[in-house]
Amino acid sequence: MKKMAAILMFVCALGFGSVAGADTLTLNNVDGGNVAVQWGVHSNTYMSGVMDITVNGQGFQAFCVDIGHGINYNTQYEYTAVDPASVFTAGQLSSMAQLIKAAYPTILQNGANAQLYKQVLQLGMWEIVEETTYPHSLLNGYFKVSQGDASRALYDSTFQDLLAMNAASGAVTFTLWTNPYSQNLLQFNYAATPIPGAVWLLGSGLAGLMAMKRRKALVQA
């Protein structure tokens with residue numbers, strides 16, 4: 001029997017299968033950390049973070065949005081692209097985009113909270129998709145971080161902060177990849193809006209004027 005690749009378990013049940021005529025998707029890595037979670041009567045410790053996937057040979061980043069299935073590392077699956085708006089509400093997609101736009105400037109710069117943000121982004125995606133009783137809380141409801149996880153309060157407060165943060169300008173686009181036997185994955189692309197050169201020049205000019213005024217005031221004094 002051939003040795004199987006190491007299995008990433010997001011869930012208790014794991015399935016395998018393919019969809020004819022679909023795209024080839026491979027999970028390469030998950031950048032995050034283990035978090036103990038509960039959803040309904042289920043509980044376990046799963047890897048929570050940003051997923052590095054390859055679709056038809058091209059690299060992307062994604063999150064799991066299907067905690068009811070599993071997926072293997074380094075295994076090719078046949079997936080079908082679906083419009084996320086046909087599965088998620090506008091409110092869900094808006095909250096997902098808010099989390100990414102709030103967290104990703106720090107993640108891209110590898111800031112102090114980058115690793116924490118990666119974990120909380122995945123937890124937030126599960127919360128947004130799964131929760132039915134306590135929306136936007138990682139401490140209560142159908143989906144939550146387990147009470148035995150020492151960082152549950154930190155995860156929840158970070159989640160709340162990201163939702164309330166004035167998110168960076170830019171655009172987030174989503175593609176939903178589905179497979180009836182494996183995890184559904186939400187591929188995302190975050191494109192920050194660069195500050196136009198004219199704005200930088202205006203800012204530099206204003207700063208120069210302020211400096212000149214301060215020097216003039218010192219001379220007059």
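Colleague: How are helix 1 and helix 2 oriented to each other, roughly parallel or roughly antiparallel?

Modeller: This is a predicted model, and in it helix 1, residues 90–108, packs against helix 2, residues 114–130, with the axes 10 Å apart. The angle of this packing is about 175°, and angles over 145 degrees count as roughly antiparallel. The orientation of helix 1 and helix 2 is therefore roughly antiparallel.

Colleague: How many salt bridges does a search of the whole structure find, and which residues form a salt bridge with closest N and O atoms 2.5 Å apart?

Modeller: Side chains of opposite charge can pair when their charged atoms come close. The search of the whole structure finds one salt bridge. It links distant parts of the chain, with one partner in strand 2, residues 23–39, and the other in helix 2, 87 residues apart. With the closest N and O atoms 2.5 Å apart, the partners are Asp-31 and Lys-118.

Colleague: Is Lys-118 buried or exposed?

Modeller: Its partner in the salt bridge, Asp-31, has 30% relative accessibility and so counts as partly exposed. For Lys-118 the relative accessibility is 11%, and the cut-off for a buried residue is under 20%. Lys-118 therefore counts as buried.

Colleague: Which residues does Thr-158 contact, leaving aside its neighbours within four places in sequence?

Modeller: Thr-158 lies in helix 3, which spans residues 152–164, and because its relative accessibility is 7%, Thr-158 counts as buried. Once the neighbours within four places in sequence are left aside, the residues in contact with Thr-158 are Leu-116, Tyr-117 and Val-120.

Colleague: What share of the contacts in the protein with a separation of 6 or more comes from residues 24 or more positions apart?

Modeller: The protein has four helices and nine strands, and along the sequence they follow the pattern β-β-β-β-β-β-α-α-β-α-β-β-α. Of its 221 residues, 41% count as buried. Among contacts with a separation of 6 or more, the share from residues 24 or more positions apart is 67%.

Key: Residues are numbered from 1 along each chain as its sequence is written. This is a predicted model: local features need pLDDT of at least 70, side-chain atom pairs count only at pLDDT 80 or more; totals for chains, interfaces and linings use all residues. Side-chain values use heavy atoms; hydrogens and water are left out. Axes are lines fitted to C-alpha atoms, for helices over the stretch in contact, and angles run from 0 to 180 degrees between N-to-C directions. Helices (H or I, at least four residues) and strands (E, at least two) are DSSP runs, numbered from the N terminus. Angles under 35 degrees count as roughly parallel, over 145 as roughly antiparallel, 65 to 115 as roughly perpendicular and the rest as oblique. Buried means under 20% relative accessible area, exposed over 50%, partly exposed in between (1.4 Å probe, protein chains only). Contact means heavy atoms within 4.5 Å. A salt bridge is a side-chain nitrogen of Lys or Arg within 4 Å of a carboxyl oxygen of Asp or Glu.
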